Structure formats: C-alpha cells, structure tokens
Amino acid sequence: MTTIRQRRVGKGTEAAEDQPSEETNVKPDGKILPDPPGGTLWNILSIIIGGIVAISLGLLTSVYVATLHENDLWFSNIKEVEREISFRTECGLYYSYYKQMIQAASIQQGLHGLVYDNKTESVRTINILERMNVYQEVFLSILYRILPIQQYLEPVYFYIYTLFGLQAVYVIALYVTSWLLSGTWLSGLLAACWYITNRVDTTRVEFTIPLRENWALPFFAVQIAAITYLLRTHLQPAQERLTLVVVFIATFLFSLTWQFNQFMMLIQALALFILDCLDMLPTAKVTWLYIIQISGLLLVCVLQFFNSMILGSLLISFNVSVLIARTVQKNLKKGGFLNRLGKLILHVLLVLCLTLLINKFIKKILNLESDEHIFKFLKAKFGFGATRDFDANLYLCEEAFGLLPLNTFSRLSSTLLFYVYGFVLFLLTVAAVIVAFRNLSGSNQVQLKEKMEEHTVTLRPDAAYSLVHTVLFGCLALSTMRMKYLWTSHMCVFASFGLCSAEVWKLLLKCLHLYTSQRTQVIKYSMPIITLLYISFKFWPGIMDELSELREFYDPDTVELMNWIKSNTPSTAVFAGSMQLLAGVKLCTGRTLTNHPHYEDKNLRERTKQIYQIYAKRSPGDVHGILRSFGTDYVILEDSICYERRHSRGCRLRDLLDVANGHIMDGLGENEPDLKPSVYPRFCEEIKKNLPSYTMHFTRVFQNKTFHVYKLAKHK
C-alpha cells in the first residue's frame, strides 16, 4: 500500500447594462457606433490590466499545483521507479506510452510499436492509437525528442510541467468566460480565486497527473469561453467566423484527449437543444455548433483509425436527428402558446425516436458493443432493475461513481461559493422561465416589447447557455461524483458572473422596487470586492501552511516488487493480476500484461473478469487453465484485494465475483436465494497453504507484506 509520510530532513437578446459596448453604442438600424475617445482608452486599459491579471493567475495556479505535487511526494528526490509508481492505475498506463516513445530508437519505430502493440494485452496485437486517447503522449514525446532540452530537463518533468502548464490555460479560460458574461474582469478574478481555494473539489491534477480529464478539461473550458463569445449579439461576420474556428479547434482537442468526450458533448448538445427549442439562442449559431461537434468527433474518429465507439456515439446520432427534425418541422417557432407547445412536444419526441433509431442502426451495422457496460451501469444506477453483471457492479461499488457526498457542499459553502451560486441560479432560473414562457406565447413581439420595456425580464443568449450548462452538468455531478470537476469549475464562473453582473442585480432590485442605475453599479463592484477580501483573509494562511508542509512518497513493497520483476524475470514474461497494479508493472518493467485499466473494450472486460478468478472460489486447475489461455507466466496476488476491507460486504471484489459465479458471499449477511455454496475454497487464500493440488500448478517465487508472486507451470 502507498502511504505519504512526513519527510525526513534530507433570445431576449437585448444586451444588458453591464455591456455598454453592445447596447448604448448600437444604432436603431443595427450599426455599431464608435466609442468616445475617453471610453475607448479606458476600455483598452481595462483589457490590458484584466489580461495581465488573467495570465498572472494562470501561471500562479500552475506553480501552486506543481509545488503541492513536489511537496507531497518529494518528487525531485525519489528514485525513477518511485516516480513511476506514483502514477497510479490508468495514469501509469498512459504515461508508459510516452516513455515507450521516448525510448524508441526513432519516432517511426515508436509509432510502429503503438500501432502494432503486443505487450499491453498478451496473445493479442492491438492498435493503441485506435483504442486509447494517447495522441497527447505521442505529440509530447516527439516534441521532447526534437527540442534541444534533453540535457536540461528529464522526460518526466517535461511531461508533468506540460500538464501543470495546461492548468494555466484552464484558469485563464474560466477567467475569460466569467469576464465575457459579466463585462468586468473583476468577475474573472473572483472565479479564479474560487477555483484555487476550492481546489479539492475543482481539480485533482496534482496527484493524478496523466488522467485524460486533466488534458481535456482545459480545452473544454476554452471551448465554453469561445461559445460564450459567439453567443454575444452584434458580432461582426469576421469575428463570428474566427470564433467558430476557435470553437472547432477546442472541440477537436477536447475530443482527442478524453475517451468520455462524447458523453460530455452530448450534455452540451442537450443544453443547446433546450435553449433553441425555447427560442433563447440564435438558431443559425446553434446549427453551427451542432456541425462543429459532429465534424470534430469525426476527425478524431479518423485519427483513431475509425474507432467504432465514436461512430456509434449517441452524440452523433442526436445531432443528426436534431438537424433532420428541424428540416421536417420548418414552422416550429410560429403560432400561439398552445400551438407552439404542441409542436415542441412533437419535435422532442421526433428527435428522441430518430436518435434511438439511428444509434441502433449504426451499432447493428458495426456490431458495436464497446460501450454496453456504461449503459448497464446507468440502468442499474438509476434503479431500472438489479444486476449481477460484473462490469456494472464494479462501477457501482466504486465511490467515484457514486452520488456526490454531502460534505462537498459544506466545503464549497465555506468559501461562500455555493451560497452565491444558489442565489444566482435561483434568480436566473426565474428569469429564464419568464423569458421562455414569453417566447413560446409570442409575447415578445415588438409592440408588446415597447409597452413593457421597463418591466420586461431579459436573459442574454450567453447567460442563458451558461445557466442550462451549469444545471445539466450539476445533475451529472450529483449523480456521479467523478464528474463533479466539470460542474464545480463552471460553478466558479457562474457564481462570479452573477455577483458581478449588473443584469442580475438590476433584476433583483427591480423586484424589490429599489432599482437605480447608481445603486446597481455600487453593488456590482462592492460585493465581489468584499467576497475577495473574505476569501483572502480566511484562506491565505491555510494555503501558506499547505505549501510549507513537506511529505515524502513511501511505498517500499511496490518498489521491491518492481525491482524484483526487472531483475528476476525475462523481458518477455507475461504477468496477470489486478488492472491497477499491472499498469504500474508495464510502466516500471516493460513486461507484457494480460489486462489493464482502460476498460472501453468488450474483449478486455471479459478477459479481466476471467483473470480476476484468482480472487474467486475456483479450483487451482481452473485458475491455471484460465491464466495459461492468456499466456500468463506469473500471477501477482494482492492481500489488499484478497482480504479487502475498504468496501462493505457486497461490494468487495471477491463478493462481486462470487455473485457473478452464482456463489454465496463470505461473512454474515443475506444472500440471494438462488446463490449456492462453492465446492472450492477461495483461491487467493488457499494457494498460500502450499497444498499439492496448488503447488503442481503454481510455485511461489516472490513474497512481501503486500504481494505474492507465483510462477505458472507450463504443462497442459
């Protein structure tokens, strides 16, 4: 087990008041008037100051997380094998391909080794570039090889510094998004400060560096910032085209770097669909965004050698269905309230049916089953029947895929973030409902607008998108804790925008009959400043203490295991064991694996379930036969899995295997009536007794407090 110890010494599309450049300087015919000279100078100065603050905060965040990583592990002082072990589970697997490319004799040979890989899954040759999102490792390794930095910077530091550098991009993108929404860079400053002070809930980059989300989320944030700008009114055609290019590039990079991109963009597409149906976004821009999503994903599909999981994604089916349905229903946004409501319901049903039909058709044609485990998991998670499916239960029992813990909200509340977020969310939700009802009932016609000008509630398209985005991703985070990082980062943006937005305060003060333009401006600037002062006084000492706390990586058992494997086994040896451990075996020793943590392949999932019979109640002959069928030479047993106490009964790995095999679980508690006792004891326990029935198949060759390694006999 790894521990960290103390280091030894050694539509309503009117622009809001807070965006004068979009409201006060527009002629009735739509042409934009030039700003007064003084105003232009002030705007330029404000942009320069805001830009400097944004870049500074981004760089400070990078240095902050890099320092935390160094202080937590003493990364600069530990051995190379310890550094590699610190890349846990799938992190180690991804980093191993970067290391493989660096160590290859040439770039061409490195690429050939990835396209024709026979060490990641024994007795199989797979295309890593097709199966996994590792183009970032390929690009980074090539960059390291061609730049003259080898003498000054180790490959591992080039890798981790790149990821920490992307955190600067992430924070700057959040800052810019909040600035665009509110009209003041003070909002961006507050968003960045909230992101940093809520670091536990906004990022985990400092201890899971190579995770795909740490590559992808900065590009997702850039995409959201670009969409926010795109949805502003009165953009010039050249500005709009350039913004669409930025959206496409960010969407493409996001899709290229994370295998779950399609699910995140599906939620984004749903947000666009909802707002378009309610006539709160310009239809032409929404159409472009649908097309960009499809084209970005298809380009990634080409680069991943026509990965069938991408072609069979719900996102492509949904976006195509929306475009088809819109062509069929041309008069969707005409008529009275009941007429439009009926058309809208019909439109939603049409899109839903088309999506399911197209997706079913594609999966039937491609014989696609790679993502079936995700839908099994979702079905079981949301109560559509219990399941004994091993893969679904493996996800259900992991804390990361459970509901968002309640203590998350207490942490977010301590920085005032959750309170402000709830306040802004309530106000803008009320405004959105009013605007949506007005749009559907046709009461937004020019005549009525002129009558109700002072009383009409408006919601800009960019603010409306931000609202629905945060609601949908909030639902995702509440249902699946691992996805909270998509919500909490945008929560910082949304809350800071609301606190610094004249639009929000104007709405509230009008409801209270207290509105004056002067009062709105005073509140707009005073509230964020007070919040920033509170955050600074309360959290600055804690951040300083955190930066001064020094710890050290300490995992002697795993280090001993890796060193033994490198010194005492052939380079062609095949190892079986848990997915998490084997990723480290590949990275540290280069040995061939039977299975690994990248779970998006049906054959691999079936293989993993078979390998895990080492923790089930099976005969030694059965286990030996299974392992040898995958070419296994050595099997690693872990006491932490065999005698697991981390999960409760029913969620331990051995319990999942027992249920899947139809056997009664160990320990006190209820069992399903059709489960039966196994005629064999648990393999991982019984093998340690060195009984003849076991020693004829397995010979123990290594042992420490955590791991037991057995060599398999080669007889049939």
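Which helices each supply at least two residues of the lining of the largest cavity? Some notes on that, and on the salt bridges and cysteines, follow.

1. **What we're looking at.** This is a predicted model, with pLDDT of at least 70 required for local features and 80 or more for side-chain atom pairs, while totals for chains, interfaces and linings use all residues. Residues are numbered from 1 along each chain as its sequence is written, and side-chain values use heavy atoms, with hydrogens and water left out.

2. **The largest cavity.** To take the opening question: α8 (155-182), α11 (212-230) and α24 (484-499) each give at least two residues to this lining. Helices here are DSSP runs of H or I, at least four residues, and strands are runs of E, at least two, numbered from the N terminus. A cavity is a set of points, on a 1 Å grid over the protein atoms alone, where a 1.4 Å probe fits but cannot get out; lining residues have an atom within 4 Å of a point. The largest cavity holds about 90 Å³ of space, the volume being the space filled by probe spheres set on the points, which are joined across faces, edges and corners.

3. **Who lines it.** There are 14 lining residues, and L174, F220, A221, I224 and S489 lie nearest the centre. Helix α24 has the largest share, with 5 residues. By type, the lining splits into 10 nonpolar, 4 polar and no charged residues.

4. **R482 and its two partners.** The model has 33 salt bridges (a side-chain nitrogen of Lys or Arg within 4 Å of a carboxyl oxygen of Asp or Glu). In one of them R482 meets E90, at 3.8 Å from N to O. R482 sits in the loop between α23 (461-479) and α24, E90 in helix α4 (residues 89-103), and the two are 392 residues apart. R482 also pairs with E213, at 3.9 Å. E213 is in helix α11, so this pair ties together parts 269 residues apart in sequence. R482 is buried at 15% relative accessible area, E90 is buried at 14% and E213 is buried at 4%; buried means under 20%, exposed over 50%, and partly exposed in between (1.4 Å probe, protein chains only).

5. R131 and D601 form one, with the closest N and O atoms 4.0 Å apart. R131 lies in helix α6 (residues 128-131) and D601 in the loop between β4 (592-593) and α29 (602-611), so parts 470 residues apart in sequence are tied together. R131 is buried at 13%, and D601 is buried at 11%. Elsewhere, K617, R654, D658, D666 and R682 are linked in a salt-bridge network.

6. **The disulfides.** A search of the whole structure turns up 2 disulfides (cysteine sulfur atoms within 2.5 Å). C397 and C651 make one, with their sulfurs 2.1 Å apart. The S-S torsion is about -75°, so this disulfide is left-handed. C397 is in the loop between α19 (390-396) and α20 (407-414), and C651 in the loop between α31 (639-642) and α32 (653-660), 254 residues apart. C397 is buried at 12%, whereas C651 is partly exposed at 23%. The other joins C642 to C684, S to S 2.0 Å, and is right-handed with 80° about the S-S bond. C642 lies in helix α31 and C684 in helix α33 (residues 683-686), so the bond ties together parts 42 residues apart. Both C642 and C684 are buried. In sequence order of the bonded cysteines, the pairing is 1-3, 2-4.

7. C475 is in no disulfide, and the nearest cysteine sulfur, in C277, is 18 Å away. C475 is partly exposed at 47%. For C588, the closest cysteine sulfur is 13 Å off, in C91, too far for a bond; C588 is buried at 5%.

Definitions and conventions: 1 Å grid on protein atoms, 1.4 Å probe; cavity = no way out; pocket = protein on both sides within 12 Å on 5 of 7 lines; lining within 4 Å. Nonpolar A, V, L, I, M, F, W, Y, C, P; charged D, E, K, R; others polar.
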